[in-house]
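Let's take a walk through this fold, strand by strand and then helix by helix. Have the model open and follow along.

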Amino acid sequence: MTRVYNFSAGPAALPIDVLETIRADIPDWQGTGMSVMEVSHRGKEFVELAARCESNLRELLAVPDNYSVLWMQGGATLQMAMAPLNLAARGDTVDYVQTGSWGKKAAGEARKFCTVNLAADAADTNFTTIPDPSTWQRSDDAVYLHMTSNETIAGVEFHFLPDGDVPLVADMSSTILSRPIDVSRFGVIYAGAQKNIGPAGITLVIVRNDLLEPAREDLPHLMMWKSYAESDSMTNTPPTFAWYVADLVIQRLLSNGGLEAMAEINRRKSSKLYAAIDASDFYNNPVSEDCRSWMNVPFVLADSSLDALFLEEAHAAGLTNLKGHRSVGGMRASIYNAVPEEAVDALIEFMAAFEGKNG
Ligand SMILES: *Cc1c(COP(=O)(O)O)cnc(C)c1O
């Protein structure tokens, strides 16, 4: 078996020990004589899994008691619609801080249901900055403020939290579980699983309980957070296999020292990669230093005619999925929790050797 160093932006790398547990579990999960994919979500074993997963996640993220932990389908993209639908009545105003493509998508969805005020927009710097909060044009009557904690494509991450009384709604798809966060500062947190939590197909939503009551009455059952809160996320058949894998990832994080330990590793991984890029004229990262992402590190080669060769040789060296998003070009190394520090070291070494040959 050969495992590569996988820098995919998502679906992304999973820890090898989790994959090995899955392989061992498949034919006979928990002595049921069935795989986890074949059992009822209402059976004793799966109900236990769901309860353990919630309590472990609450411990890991220090989720306060007045918040609900919900598991859903539809990805972060569905939450871009569910947030305005659950929080705002038609005609209400909502504030969006647009620091990249995902935030732009989120604002676009909200515009279908309510009035969107773009409190800040970093499009004029090609999404390489986060505008200073003192320049934001926030509305007086906004029902909430939406932010994208980490913009996966441009590699732009908030390293501060906005102030204010309105609930903060955050898309944390590509940063959740990478470090401790203060959940009490948020109204709603949502994240597709396929970056740091598990496989694609399940979505984590954390909602402050006073925000569960939908702001409008015409919502389908499956588009109300409240339905999930009232049914332990078993409103209908949940994505059981993805949930099972998320549970394993969360258990592993807890037993490896929790999010403080993860943050330490992630800080180290990203800072050494940025240091290598900054030390060279051959590579460049355009993002302002105060908002560089710990998770997604885009970089371009000074001579873009070498891009294809870079990717080909990186692939041959066991470093895969480094091609940048088409809107940014160049390369992007996504270095989520499950990408080991050795992978970053190997990438830095490869980059230096490639520069030595071609610079
Ligand atoms: C990946 C990603 C999404 C899209 O998630 P889906 O689960 O595919 O809907 C949205 N926002 C951010 C920040 C992402 O990284």
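Y190 stands opposite V205 in β10. That pairing belongs to strand β9 (residues 188-192), which joins β10 in the antiparallel sense over five bridges. Strands count as paired here if DSSP finds at least two bridges between them. The element names come from DSSP runs numbered from the N terminus, with helices being H or I runs of at least four residues and strands being E runs of at least two. This is a predicted model, where local features need pLDDT of at least 70 and side-chain atom pairs count only at pLDDT 80 or more, while totals for chains, interfaces and linings use all residues. Residues are numbered from 1 along each chain as its sequence is written, and side-chain values use heavy atoms, with hydrogens and water left out.

Strand β10 (residues 203-208) also has strand β2 (residues 67-72) as a partner, and six bridges join the two in an antiparallel run. Buried means under 20% relative accessible area, with exposed being over 50% and partly exposed in between, using a 1.4 Å probe and protein chains only.

Now move along to an open sheet of three strands, in the order β11-β12-β14, with antiparallel pairing. Its edge strands are β11 (283-284) and β14 (331-334), each pairing on one side only. Helix α7 (residues 258-278) packs on the sheet and touches β11, β12 and β14, and its direction makes about 15 degrees with that of β12. Angles like this run from 0 to 180 degrees between N-to-C directions, and axes are lines fitted to C-alpha atoms, for helices over the stretch in contact.

Zoom in on M331, which sits in strand β14. It counts as buried because its relative accessibility is 0%. The C-alpha atoms of M331 and P298 are 5.6 Å apart, although the two residues are 33 residues apart along the chain. Setting aside neighbours within four places in sequence, M331 is in contact (heavy atoms within 4.5 Å) with residues including V297, F299, L301, F310 and L322.

On to the helix pairs. Two packed helices are described by the angle between their axes and the distance between the axes. Helix α8 (residues 307-316) and helix α9 (residues 341-358) pack at about 135 degrees with axes 11 Å apart, so the two are oblique to each other. Under 35 degrees counts as roughly parallel, over 145 as roughly antiparallel, 65 to 115 as roughly perpendicular, and the rest as oblique. On the α8 side, the contact is made by L309, F310, E313 and A314, and α9 answers with F350, M351, F354, K357 and N358. These residues divide into six nonpolar, one polar and two charged.

The other pair is helix α2 (residues 44-61) with helix α6 (residues 240-255), at about 40 degrees and with axes 9 Å apart. That pair is therefore oblique too. Among the residues that meet are F46, L49 and R52 of α2, and W243, Y244 and D247 of α6.

How values were computed:
Nonpolar A, V, L, I, M, F, W, Y, C, P; charged D, E, K, R; others polar.
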